[in-house]
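Here is a friendly walk through one protein structure, for someone meeting it for the first time. Take a look at the sequence and the model, then read on.

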Amino acid sequence: MDDIIFGRNPVLEAIKSGRAIDKILIKKGRYEGSVVSVVKRAKENGIVIQETEKKKLDEICRGENHQGVVAYVSACDYASVGDILKRARDKNEAPFVVICDKITDPHNLGAVIRTANCVGAHGIIIPKRNSAGLNSIAAKTAAGALEYTPVAKVTNIAQTIDDLKKEGLWICAADMDGEPMYKTDLKGALGIVIGSEGGGISRLVKERCDFTASIPMAGEINSLNASVAAAVIMYEALRQRAQHEK
């Protein structure tokens, strides 16, 4: 039962304390008693709430008394997009941001965070909904990178891309339909969007991107695991940026 808190009062106190919470599951039905306070506080703090069946909550809590409330908590606190951009300014570097569009496997998310740190990216951006969060699996896979590389969780990825453009970033979609990454300019202020494991980058998000870069494929299989694809294109960006600085 890693990464969860259950019971009405424990979850309510976790919200009050400012604990980083990815989402809260509430038993379907009419809200009663302190569940009303949990829902109200969660909404005030922008925490995702999902209704689910009691049977599912029983399974998650392995028969423990959850009182109809379960919260998924994060292994560490989230940053803001502003924190990520400030990190770049403090280092006097052009911002380099990785945007994960609905990556749902925490192993993949952790691997992306680890590689992002290795290439010197200033931070990761993930959506609040339909995405893996910073649970213990992601933290373990990141192999310590979470201590150094901030992760921001936003309500709307497409809107966040528009905001990043206003800050001077060019946004690149990593997608099979793009120009080969070797022929794409990945220098300067940059955001790279990595799509989900199954569906890739969503249409609305892709439309917001400035250009698309693809990874050349020379074998019989023409796709890569999301975190591997992210690593390949991040290192191409690092190569180009390092050459530009010479």
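## Before we start

This is a predicted model, so to speak: local features need pLDDT of at least 70, side-chain atom pairs count only at pLDDT 80 or more, and totals for chains, interfaces and linings use all residues. Residues are numbered from 1 along each chain as its sequence is written, and side-chain values use heavy atoms, with hydrogens and water left out.

## The nonpolar cores

Let's begin on the inside. A nonpolar core is a set of buried Ala, Val, Leu, Ile, Met, Phe, Trp, Tyr and Cys residues joined through side-chain atoms within 4.5 Å. Here, buried means under 20% relative accessible area, exposed means over 50%, and partly exposed is in between (1.4 Å probe, protein chains only). The largest nonpolar core has 31 residues, and Val98, Ile113 and Ile124 have the most contacts inside it. At least two residues of this core come from each of strand S5 (96-100), helix H5 (106-118), strand S6 (123-127), strand S9 (190-194) and helix H9 (226-245). H9 gives the most, with five residues. As for the labels, helices (H or I, at least four residues) and strands (E, at least two) are DSSP runs, numbered from the N terminus.

What is Ile113 in contact with, leaving aside its neighbours within four places in sequence? The list is Ile124, Leu134, Ala142, Ala145, Leu146 and Val151, where contact means heavy atoms within 4.5 Å. There is also a second, separate core of 19 residues, and Ala152, Ile161, Ile171 and Cys209 are among them.

## Two buried polar residues

Thr149 sits in the loop between helix H6 (136-142) and strand S7 (151-154). With 1% relative accessibility, Thr149 counts as buried. Its side chain makes a polar contact with the side chain of Asn117 (3.0 Å). A polar contact is a pair of N or O atoms within 3.5 Å; within protein, one must be able to donate a hydrogen and the other to accept it, and residues adjacent in sequence count only if both atoms are side-chain atoms. Setting aside neighbours within four places in sequence, Thr149 is in contact with Asn117, Ala121, Gly123 and Ile124.

Asp22 belongs to strand S2 (residues 21-27) and is buried too, at a relative accessible area of 13%. The side chains of Asp22 and Tyr78 make a polar contact (2.3 Å). Not counting residues up to four places away in sequence, Asp22 touches several others, including Val48, Tyr72, Leu134 and Lys153.

## Salt bridges

How many salt bridges are there? The count comes to 14, taking a salt bridge as a side-chain nitrogen of Lys or Arg within 4 Å of a carboxyl oxygen of Asp or Glu. In one of them, Asp210 meets Lys165 (3.6 Å, N to O). Asp210 lies in the loop between helix H8 (203-208) and strand S10 (211-214) and Lys165 in helix H7 (residues 157-166), so the pair ties together parts that are 45 residues apart in sequence. Asp210 is partly exposed at 33%, and Lys165 is partly exposed at 29%.

Asp177 and Lys206 also pair up (3.5 Å, N to O). Asp177 is in strand S8 (residues 170-180) and Lys206 in helix H8, so this bridge ties together parts 29 residues apart in sequence. Asp177 is exposed at 66%, whereas Lys206 is partly exposed at 27%. A network of salt bridges links Asp175, Asp177 and Lys206.
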